[in-house]
Amino acid sequence: MMPETKKGTILYVEDNPDNRSLVRRVLGAEGYSVVDAINAKQAIEKLETEIFDLILMDINMPDMDGYTLTAKIKGMQNFSKIPIIAVTANVMRGDREKSLEAGCDGYIQKPIDIDTLGQQIDRFITRSANV
């Protein structure tokens with residue numbers, strides 16, 4: 001049985017199975033619990049049934065992009081306080097601003113740097129806990 005020293009529960013909205021697997025392994029090793037959603041519909045369903053400390057949001061998804069889903073979640077009163085971090089390969093000028101305008105609280109670029117991912121998540125969760 002795993003010790004109950006969980007740092008928090010993260011919803012990872014990502015359609016790519018390799019990315020989901022990588023992030024789950026890295027953050028699991030850091031003490032986080034990671035729940036996957038492969039699309040917008042699944043993300044909303046999971047939000048309604050579980051409690052999350054943070055959402056990692058892939059921006060490029062097939063059914064509804066991460067910007068749209070972020071704005072939708074931020075517009076839902078129950079979930080508007082959950083920090084949402086954009087995870088994207090879009091690193092052109094303006095992409096970071098676009099994700100922040102959509103309501104994202106931060107931005108992590110792909111390919112994900114597994115050496116700093118845990119620290120980035122720690123910072124976002126700590127910051128939101130102090131609000």
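Biologist: Two strands pair if DSSP finds at least two bridges between them. With that settled, which residue in β4 is the bridge partner of Asp58?

Modeller: In this predicted model, Asp58 has Val87 of β4 as its bridge partner.

Biologist: How many bridges join β3 to β4, and in which sense do the strands run?

Modeller: Strand β3, residues 54-58, and strand β4, residues 84-88, run parallel and are joined by four bridges.

Biologist: And the sheet as a whole: what is the strand order?

Modeller: The sheet is open and has five strands in the order β2-β1-β3-β4-β5, with parallel pairing. Its edge strands are β2 (32-37) and β5 (106-109), each of which pairs on one side only. From one strand to the next, the twist averages 25 degrees.

Biologist: Which strands does helix α2 touch?

Modeller: Helix α2, residues 40-49, packs on the sheet and touches β1 (8-13), β2 and β3. Its direction makes about 135 degrees with that of β2.

Biologist: Where does α3 lie?

Modeller: Helix α3, residues 66-74, lies across β1, β3 and β4, and runs at about 155 degrees to β3.

Biologist: Moving to β5, what stands opposite Ala86 there?

Modeller: Tyr107 in β5 stands opposite Ala86. Strands β4 and β5 pair in the parallel sense over four bridges. Between these strands the chain passes through helix α4 (residues 95-101), and this β-α-β crossover is right-handed.

Biologist: What does Ile73 touch?

Modeller: Leaving aside residues up to four places away in sequence, Ile73 touches Ile44, Leu47, Ile55, Met57, Phe79, Ser80 and Ile84.

Biologist: Which residues does Val13 touch?

Modeller: With residues up to four places away in sequence not counted, the contacts of Val13 include Ala37, Asn39, Ala43, Ile55, Asp58, Met61 and Leu69.

Biologist: How far apart are Val13 and Ser33 in space?

Modeller: C-alpha to C-alpha, Val13 and Ser33 are 14 Å apart, and in sequence they are 20 residues apart.

Key:
Residues numbered from 1 in each chain as written. Predicted model: local features only at pLDDT ≥ 70, side-chain atom pairs only at ≥ 80, totals over all residues. Heavy atoms only, no water. Helix = DSSP H or I, 4+ residues; strand = E, 2+ residues; numbered from the N terminus. Axes fitted to C-alpha atoms, helices over the stretch in contact; angles between N-to-C directions. Contact = heavy atoms within 4.5 Å. Right-handed = clockwise from strand over helix to strand, strands pointing away.
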